Amino acid sequence: MEQETVGDLELSVGYVLKQVHASLRAAMDEVLRPLDLTVPQYACLELLGQHPGLSNSELARRAFVTRQSMNLVVQRLQERGLLTRPERAPHGRVLPTELTEDGQAVLREASVTVRAVEKELLSPLSRQQQRRLHEDLTACATVFAASRQA
């Protein structure tokens, strides 16, 4: 039985996904720079805006970075006064993290700029195509992640 190779990169879904990711990341870097934010810092703010009280581990998992990297992100945002963490865990070892008022204001501005980038990225597609793309990519990510954990 002959094994299949990747073949023409221009026809590889993985290669195109990487191109989209690289373009999206570069555009996000560009619009977040004036706000003195990195993409991981923005992700942290957005996650906390939608899910206040997440732990460092949970933030790292949801932002696709290591716990060590997220610790540096949280530390930098805390130094800027954009989020707070208690000195001691209220129970257990988890230090719940929350946005400050300044953090909420920066998040609103950052979220608007990032959404504009996303809209630009998806502009060639109709709303229906955008929904379908989201559904298809979500299905792939879900099944692939589950198969990797098994």
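## A tour by selection

Start with helix 1, residues 13-32. Helix 1 gives the most to the lining of the largest pocket, with ten residues. Keep in mind throughout that this is a predicted model.

**The whole chain.** Zoom out before going further. The protein has six helices and two strands, and along the sequence they follow the pattern α-α-α-α-β-β-α-α. The C-alpha trace spans about 60 × 35 × 25 Å along its principal axes.

**The largest pocket.** Which residues lie nearest the centre of the largest pocket? Select His21, Leu24, Phe64, Glu118 and Leu137; these lie nearest its centre, out of 37 residues that line the pocket. The volume of the largest pocket is about 1800 Å³.

Now colour the helices that contribute. Helix 1 (13-32), helix 2, helix 3 (56-63), helix 5 and helix 6 (127-149) each supply at least two residues of the lining. Colouring the lining of the largest pocket by class gives 23 nonpolar, eight polar and six charged residues.

**Helix 1 against helix 5.** Hide the rest and show helix 1 with helix 5. Their axes come within 10 Å and cross at roughly 145 degrees, and the crossing is right-handed. Show side chains on the helix 1 side of the contact: Val20, Leu24, Ala27, Met28, Val31 and Leu32. On the helix 5 side, select Ala110, Thr113, Val114, Val117 and Leu121. By class, this contact between helix 1 and helix 5 has ten nonpolar residues, one polar residue and no charged ones.

**Helix 2 against helix 5.** The crossing of helix 2 and helix 5 is left-handed.

Select Tyr42, Leu45, Glu46 and Gly49 on helix 2, then Val106, Leu107, Ala110, Ser111 and Val114 on helix 5; these residues make the contact. By class, the contact of helix 2 with helix 5 has six nonpolar, two polar and one charged residues.

Key
Residues numbered from 1 in each chain as written. Predicted model: local features only at pLDDT ≥ 70, side-chain atom pairs only at ≥ 80, totals over all residues. Heavy atoms only, no water. Left-handed = near helix turned anticlockwise from the far one by under 90°. Helix = DSSP H or I, 4+ residues; strand = E, 2+ residues; numbered from the N terminus. Contact = heavy atoms within 4.5 Å. Nonpolar A, V, L, I, M, F, W, Y, C, P; charged D, E, K, R; others polar. 1 Å grid on protein atoms, 1.4 Å probe; cavity = no way out; pocket = protein on both sides within 12 Å on 5 of 7 lines; lining within 4 Å. Points joined across faces, edges and corners; volume = space filled by probe spheres on them. Axes fitted to C-alpha atoms, helices over the stretch in contact; angles between N-to-C directions.
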